[in-house]
Amino acid sequence: RKGVLKPQYAVAWAAFFNFVAIFIFQLKVATTVGKGTIDPVVVDHLVIMGALIGAITWNLITWYYGIPSSSSHALIGGLIGAAVAKAGTGALISSGVMKTVMFIFISPFLGFLFGTLLMILVAWMLRRTAPRRVDRWFRRLQLVSASLYSLGHGGNDAQKTIGIIWMLLIAAGYASADAKMPPTWTIWVCYIAIGLGTMFGGWR
C-alpha cells in the first residue's frame, strides 16, 4: 500500500521539524555538553580532538558490529575520557556526569513504560472500531508522530554539536565561560546543518 507521503516529501518533512526544534527547545543539552560535564578550564583543542576521535571511533565500531549505541553518550564518554587523561577525575563536573549516567537508564525505562501504556490505551479505546477506519486515521497520524520524533532528534543532536563548538570557542578565547548562551551563529548553523543532513542523508 502507498504511504501517507512520497519518500522525498517524508524526508523533507523530517528535515523541516529537525530545524523547527530551534524555536521550541531550550539549550539544556548544549549547556550540559559545553559547560556542564567537564571543567572549561582544562579544555583545549587537544582535549576536544581526543573526545571527538574517541566518540567517532566508538560509533564506527558499534556500527560495524551492529551494537546498539548512542552517539550522544559516546560524545560525553569521549569528553570525560579526554578530560581525565589530561587532568584527572578532578576535571569532571559530577552533577553533569551523574545526570547523563542516570538518564542512560531512565530514558529507556520511561520510553518502555509510556509506550506500553499508550499501546494498551489505544488498543482499548479502538477495540470496537473497524480496522479499515483505524488504518485510515493512523496513517494520517503518522505525520504527527514523525514530526514529534524529528523535533526530538533536532532538539538533542543539533544541541550536542552546539555544545562542542561552544566549548572550543571558550577554550580559544572567542567566548566567555560565564556566558549563559553560546554565540547565536552557532545555534543557527547547527540547526541548519542537521536539517540539511536529514534532507540529503535521510534516504538511507
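## A walk around helix 3 and helix 6

Start by selecting helix 3, whose buried residues pack against helix 4 (71-87) and helix 6 (131-172). Contact here means heavy atoms within 4.5 Å, and buried means under 20% relative accessible area, with exposed over 50% and partly exposed in between (1.4 Å probe, protein chains only). Helices are DSSP runs (H or I, at least four residues), numbered from the N terminus.

Before going on, know that this is a predicted model, where local features need pLDDT of at least 70, side-chain atom pairs count only at pLDDT 80 or more, and totals for chains, interfaces and linings use all residues. Residues are numbered from 1 along each chain as its sequence is written, and side-chain values use heavy atoms, with hydrogens and water left out.

**Stop 1: helix 3.** Select residues 45-65: that is 21 residues, reaching 30 Å from the first C-alpha to the last, close to the 30 Å expected at 1.5 Å a residue. (The expected span is 1.5 Å times one less than the number of residues.) Now colour Val47, Ile48, Ala51, Ala55 and Thr62, which are buried. Look down the axis of helix 3: its buried residues fall within an arc of 95°, so they line one face of the helix. The arc is that of the directions from the helix axis to the C-beta atoms. On the face turned away from that buried side, show the exposed residues His45, Leu46, Tyr64 and Tyr65.

**Stop 2: the two ends of helix 3.** At the start, zoom in on aspartate 44, where a side-chain oxygen reaches to within 3.1 Å of the backbone nitrogen of leucine 46. Just after helix 3, click on glycine 66, which takes a positive phi of about 70°.

**Stop 3: aspartate 44 again.** Aspartate 44 lies in the loop between helix 2 and helix 3 and lysine 86 in helix 4, so the pair ties together parts that are 42 residues apart in sequence. A salt bridge is a side-chain nitrogen of Lys or Arg within 4 Å of a carboxyl oxygen of Asp or Glu. Both partners are partly exposed, aspartate 44 with a relative accessible area of 22% and lysine 86 with 45%.

**Stop 4: threonine 37.** Go to the loop between helix 2 (28-35) and helix 3, where threonine 37 sits. Threonine 37 counts as buried, at 0% relative accessibility. A polar atom of its side chain lies 2.8 Å from the backbone oxygen of threonine 32. Show its neighbours too: not counting residues up to four places away in sequence, threonine 37 touches Thr32, Ile76, Ile80, Leu92, Ile93 and Val97.

**Stop 5: helix 6.** Select helix 6, with 42 residues and a reach of 60 Å from first C-alpha to last, close to the 62 Å expected. Where does helix 6 bend? Centre on arginine 140, where the bend is about 30°, taken as the angle between axes fitted to the seven residues ending there and the seven starting there. After helix 6 comes glycine 173, with a positive phi near 85°.

Stop 6: Arginine 139 forms a salt bridge with aspartate 135, the closest N and O atoms being 3.9 Å apart. Further on, show aspartate 157 and lysine 160, whose side chains meet in a salt bridge (3.7 Å, N to O). Lysine 160 counts as buried, at 11% relative accessibility. The whole structure holds three salt bridges.

Methods
A polar contact is a pair of N or O atoms within 3.5 Å; within protein, one must be able to donate a hydrogen and the other to accept it, and residues adjacent in sequence count only if both atoms are side-chain atoms.
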